[in-house]
Structure formats: structure tokens, C-alpha cells
Amino acid sequence: MTLSESLQDALAAIGEHARPDGGFAMSVKDESRADATAWAALAFEAAGEGASLVGKACARLAALQAPDGRVPILPGHPEACWPTSLALLAWLPLPEFANNAAKAAAFLLSFTGKHFKRRPDSPMAHDPAIKGWPWIADTHSWVEPTSLAMAALRAAGRGGEPRVAEAARMLLDRQLPDGGWNYGNTAAFGTTLLPVPESSGHALAALAGLVPKERVAASLDYVRREAARVRAPLAASWIIMGLKAWGEAPADKDAMVEESLALQSRYGAYDPALLAQLVTAALFSRSPLYAAYRGS
Amino acid sequence: MRRKHAMPRENGFTRREFLTAAAGGALVAAAGLGGYRLLKPKYPFQEVFIAKAPSYGVDLKEIMLRGFAALGVTEKEIRGKRVLLKPNLVEPHAESAHINTHPLVIQAAAAAFLSLGAAEVAVGEGAGHRRDALLVLEESGLAQVLADDRLPYFDLNTGPVFSTANTTNWSKLPSLTLPQALRRADLVVSVAKMKTHHWAGVTLSMKNLFGVMPGAVYGWPKNVLHWAGVQQCILDITAAVKPDFAIVDGVVGMEGDGPIMGDPVSSGVLVMGRNPVAVDATSARIMGIDPEKIDYLRVADGVLGTIGHERIIQRGEQAAAVRKDYRLIDFIPAQRGIRLDTP
């Protein structure tokens with residue numbers, strides 16, 4: 001498949017952020033970081049290019065992996081282990097990292113957020129007892145890390161685990177009444193909160209194939225509406241991936257990606273994680289993420 | 001105990017040095033907000049400037065320059081400095097401008113600092129509820145200001161970080177991880193929105209500093225801070241970041257169920273000062289809220305700043321003259337019993 005010039009440029013820009021340790025940094029002056037590294041690998045894997053870069057990136061992720069299987073955002077921050085899901089997804093296509101992937105999957109299955117029984121006088125509307133995954137250890141579970149963990153486990157063939165089923169219930173519980181998701185609160189002190197497209201796209205993608213479409217119909221409507229106006233890279237990427245996971249796509253998906261990339265003239269160069277998510281969204285059907293959402 | 005003086009010191013720690021020091025003068029801290037309170041030492045008098053600003057269409061830059069003059073801020077102090085403005089963009093929604101620091105306030109602050117000779121003014125934010133930093137800029141309206149005025153922007157959620165020991169220990173957090181963008185700046189300015197808050201009572205220049213903490217390490221929302229104690233973390237973060245100035249956008253604030261779902265309220269004021277504690281206390285009074293009844297302000301009094309009106313030198317308007325009682329919601333515990341008595 002021939003990539004468009006802008007996708008080629010995006011991949012080249014991602015490549016410029018490769019560090020001597022094999023990882024990828026958020027800016028060319030910085031040290032590598034697990035999220036940028038994993039996303040870079042995923043983008044190159046979707047494009048079917050950069051095998052050497054992918055191998056080094058996965059090796060860097062393996063070097064960052066703790067004995068219990070978690071992959072922290074940075075050394076010295078074991079509690080910030082949300083990149084574990086991304087690392088697992090990046091490793092899966094490469095057999096030489098099968099052990100790392102297995103350890104990461106085992107960690108995810110053993111790890112959850114702080115959960116508790118809902119008090120009758122709680123100001124929050126969602127059920128805090130339903131487990132998903134947190135961003136950071138010893139905090140509550142939230143929509144995006146839960147969505148990514150579900151994707152990673154499904155891609156690893158662990159989609160039938162009870163934790164994944166419970167996480168699907170969690171996402172449904174955090175769905176806003178009129179559709180969409182935010183970071184993971186539905187209402188506070190009796191007031192319904194507002195959705196945002198980036199979280200909605202994550203949750204929709206995670207639930208694809210796990211729940212009937214009617215359970216997320218309003219959320220699909222919300223994301224379709226957002227597709228008409230949103231071009232910021234993170235949200236645009238997940239609008240596309242959320243819809244595509246359900247067998248839809250914005251009619252102008254490729255134009256969305258092109259327009260988002262073109263916004264760099266306004267915002268400045270995107271970091272590699274943003275570029276990689278746009279590339280992944282553009283090439284979604286070739287990404288390990290797609291296999292997760294559509295295949296299991 | 002380390003004291004912050006009302007006037008900037010000619011010598012002593014620069015911002016960069018303060019943030020790098022491993023144990024730069026640990027402040028005596030109460031053992032949690034419910035612990036015993038030491039006899040409060042007298043904190044130096046603090047100046048706070050209040051200006052009427054009936055709308056965002058007035059000359060906000062001129063107001064801020066008047067404010068700086070009233071506060072004794074000179075060109076000599078600002079010339080050549082790199083300034084970082086930290087607005088409140090916690091969760092922008094295009095149809096709800098009253099959630100966030102208005103972009104024209106940021107624009108005016110940048111212009112004011114540049115006219116005083118700042119070498120650079122940049123903007124930095126780590127939005128608490130939204131990961132798409134660029135969509136945050138678009139929906140808040142700040143993207144256009146940044147583009148028009150060519151102001152650099154730092155996403156504090158995802159940039160490089162450093163860790164420093166939590167030396168004040170109101171919370172149990174052993175350390176604080178902060179963005180490197182703070183070290184890059186010579187002056188950090190908390191540019192907050194005047195709002196009620198359903199956990200903290202109010203969100204002003206000190207609570208605004210939650211947005212300095214990188215989401216990559218603290219989450220979205222920054223749930224690490226909630227579990228460690230919102231009030232406690234406000235204090236620790238303020239002590240660590242030590243903003244040089246605080247500006248509160250009260251042109252249109254938020255009342256009721258802040259910080260997101262409340263209603264707009266036209267207070268028609270800008271509040272400015274060097275000491276965020278004094279600025280927050282003054283802002284609270286303008287909102288008709290007693291700073292003595294806001295936990296973090298009460299604890300900060302005498303330690304990080306001063307809240308007593310007798311120790312705040314009011315420049316410009318008087319707080320009582322511009323007071324507009326923000327609606328409080330009785331079933332929200334943090335908003336119960338905090339009304340400022342009417343004299």
C-alpha cells in the first residue's frame with residue numbers, strides 16, 4: 001500500500017524522535033518515554049515499515065518493563081504504569097517479545113484501580129465498585145486507560161477474561177445519558193457532566209464487539225457529530241478509531257487526517273505520540289489495535 | 001521557617017534555584033489540616049490590586065499595567081525575564097467560556113509583561129480533564145491568541161518532568177513531579193478564573209496550580225492529588241511552585257456548581273498580587289466568601305501568605321465595594337457555611 005505523502009512525512013517525523021536507547025522521545029531534545037515509544041512502534045507496524053526502529057523500540061519497552069510486568073511512563077515512576085497496555089499492543093506482532101507480552105498481560109489482569117462500594121450519599125453518580133484500569137496505581141479507574149487495557153488484552157487473546165467483561169460494564173456505567181464519555185464521571189452533585197470526543201472514541205472502540213450497538217447508539221451519534229468539526233489530532237484519531245471499530249468511518253476520514261496534520265502549521269510540530277495516533281487511525285485496519293477491537 | 005517577603009529580594013534564590021534545592025527551607029506544616037495549629041507568626045503585609053473590568057472588551061492590558069505599577073512591579077524586575085503564564089483550562093467546552101481563564105486576559109497579561117521588557121512570555125497548562133491539549137486550546141479560544149501573538153505554548157501534562165521532595169508535607173506525597181517548563185521560566189504567573197468549587201469551596205490562583213502537575217504522572221483527572229487530599233495538595237503544590245504573581249479573572253466568574261457546571265456571574269473585576277494566598281483571600285471576599293472558612297486558605301495564613309484583611313494592603317478598588325455574592329449550593333459540603341458575613 002502506498003502511503004500518502006503526509007503520512008510518509010508523519011512517519012519520518014516520528015523517526016526523528018528516535019533516541020539512542022531505541023525509544024522515542026516526545027521532543028527531539030528529551031529522553032525517551034514509554035508512551036511515545038509504544039505509539040511509534042504501533043504506527044510503524046500499521047504502516048508496515050521501519051522494522052528496525054520497531055525492534056529497537058520494543059526492546060526499549062522491554063528494558064523498561066518491571067519484574068511484575070508493568071511498563072511505567074518513566075523510570076522512577078512505577079506507579080504511572082498506564083503505558084503497559086500500549087507496550088503490550090506494540091509487542092504482540094513480534095514473537096521475540098512474547099514473554100514480555102505475556103508478563104504485561106498478566107500484570108494487567110492482576111492490576112486495577114481503587115474501588116469501593118457506592119455510598120447512598122455519594123455525590124458521584126457512577127458505580128465506583130465496577131473495576132477497570134487506572135492511569136496511576138492506587139487511584140480510581142477511568143475511561144481511557146480502561147479502554148486501552150481492554151484493547152491490549154483482547155489483542156493478546158485474553159478478551160474472554162472476566163476482567164474484560166467487567167471493564168465493559170464499567171464503560172457502560174460511565175457512559176453519559178445523552179451519549180459520549182468524558183474522563184469517567186457521569187454526574188456530580190446531581191448535575192450531568194459533558195462528553196468529550198477523545199474519551200468517547202476510546203470507549204467506543206473498546207466496546208466494539210462486546211455490547212450490542214443499541215447500547216452505544218447515542219454515543220455513536222455524538223462522535224459522528226464531532227467528526228464534522230474536530231481536527232485536533234488526539235480527538236480526531238480516536239473519533240476515527242471509535243467509529244471504525246464499529247464498522248463505520250467518517251466519510252472524509254482521509255481528509256480528517258490530512259487536515260489534522262496540516263494544522264501543524266498553526267500549532268507547531270506534533271509530538272510523535274500524536275503523529276503516531278493519526279497514522280494509526282489512518283491505517284487502522286492494519287493496526288494491532290484493529291485486530292483487538294474487531295477480532296476478539 | 002522560610003518567609004516570603006512582600007518585595008522581591010535582590011539576592012537569594014532564583015526560581016530555578018528554589019525548585020532545584022532538595023530541602024530549601026522546609027516550612028513548618030500542621031500535621032494535616034485537622035491537626036494542631038502552631039501559633040501563627042505574623043506574615044508580612046501583602047498588597048493586592050483590584051480593578052474594575054466590566055467586560056473583556058475593555059483595555060485589560062492597561063488595567064494590568066496599572067496593577068503592576070500599584071504593586072511596585074518595575075521594568076527592572078521584569079526586563080529580560082522569561083515569564084510563564086498558567087491559565088485555568090481544566091475542561092474547556094466551546095459553549096461555556098466561563099469555565100476557563102478568558103483568552104483576552106492571557107493576551108493582556110502577555111502584552112503587559114512584554115511591555116515591561118520580558119524577554120519571552122509563554123503559556124503553559126496541563127488540563128485536568130482533557131488529554132487533547134490542542135482541542136483544549138481551540139475550544140477555550142486561546143489558540144487564536146497564541147497564534148496571533150506568537151506566544152509559545154507548553155503542554156504541562158506531557159512535557160519533560162523533574163521530581164522534587166515534598167518538603168512541606170501537608171499531604172503524604174513524598175515528592176512532587178513538576179514540568180521542566182517551570183525551571184525554564186524566571187517568573188511563573190498563576191492566571192486563574194474566579195470560581196466556586198465543589199470540593200475545595202473556591203478555585204482561584206492556588207487551586208489553579210493543580211494544572212501544573214503532569215497528567216502523565218498524576219492522571220486525567222489528577223486523581224493522585226484527590227486521594228492525597230485536595231486541600232493538602234493545594235498547599236504543597238503552592239509551596240513548591242511558589243508562583244511569582246497571581247492574577248484572577250473575575251470579569252465573568254462561575255458560581256454554583258463549579259468548577260465546570262456552574263453558572264456565569266459578572267463580577268467585573270481583575271485581582272492581582274504577588275502573593276497567591278492574599279490574592280485568593282481577596283478574591284474570596286469579592287465572591288462573598290470568607291477566606292477563614294476555606295480550609296487551605298486558613299492553613300496557609302501566616303505560612304505561605306496572609307489572608308487577614310488587616311494585613312492585606314488593598315490597592316485599586318476595595319474588596320467590599322466590588323463584592324458580589326456568588327451563589328453557593330447548600331447540599332455541596334465544601335460550599336456550606338462559607339459565606340462571608342455582611343458587615
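Modeller: Rings of Phe, Tyr and Trp (its six-membered ring) pair if their centres lie within 6.5 Å; planes under 30 degrees apart count as stacked, over 60 as edge-to-face and the rest as tilted. This is a predicted model, where local features need pLDDT of at least 70 and side-chain atom pairs count only at pLDDT 80 or more. Side-chain values use heavy atoms, with hydrogens and water left out.

Colleague: Which residues form one aromatic cluster?

Modeller: A:Trp82, A:Trp135 and B:Trp220 do.

Colleague: And how many aromatic pairs over all chains?

Modeller: The count is 13. In one of them, A:Phe24 and A:Phe44, the ring centres are 6.5 Å apart and the planes at 40°, so that pair is tilted.

Colleague: Where do those two sit in the chain?

Modeller: A:Phe24 is in strand E1 (residues 24–25) of chain A and A:Phe44 in helix H2 (residues 34–47), 20 residues apart. Helices (H or I, at least four residues) and strands (E, at least two) are DSSP runs, numbered from the N terminus.

Colleague: Are A:Phe24 and A:Phe44 buried or exposed?

Modeller: Both are buried, meaning under 20% relative accessible area, with exposed over 50% and partly exposed in between (1.4 Å probe, protein chains only).

Colleague: What about A:Phe284 and A:Tyr290?

Modeller: Their centres are 5.1 Å apart and their planes at 80°, so the pair is edge-to-face. A:Phe284 is buried at 0%, while A:Tyr290 is partly exposed at 22%.

Colleague: Switching topic, which charged end sits over the ring of A:Trp133?

Modeller: That of A:Arg163, 4.2 Å from the ring centre. The criterion is NZ of Lys or CZ of Arg within 6 Å of the ring centre and within 35 degrees of the ring normal. In chain B, the charged end of B:Arg311 sits over the ring of B:Phe45, 4.4 Å from its centre.

Technical notes. Residues numbered from 1 in each chain as written. Chains lettered and ligands numbered in written order.
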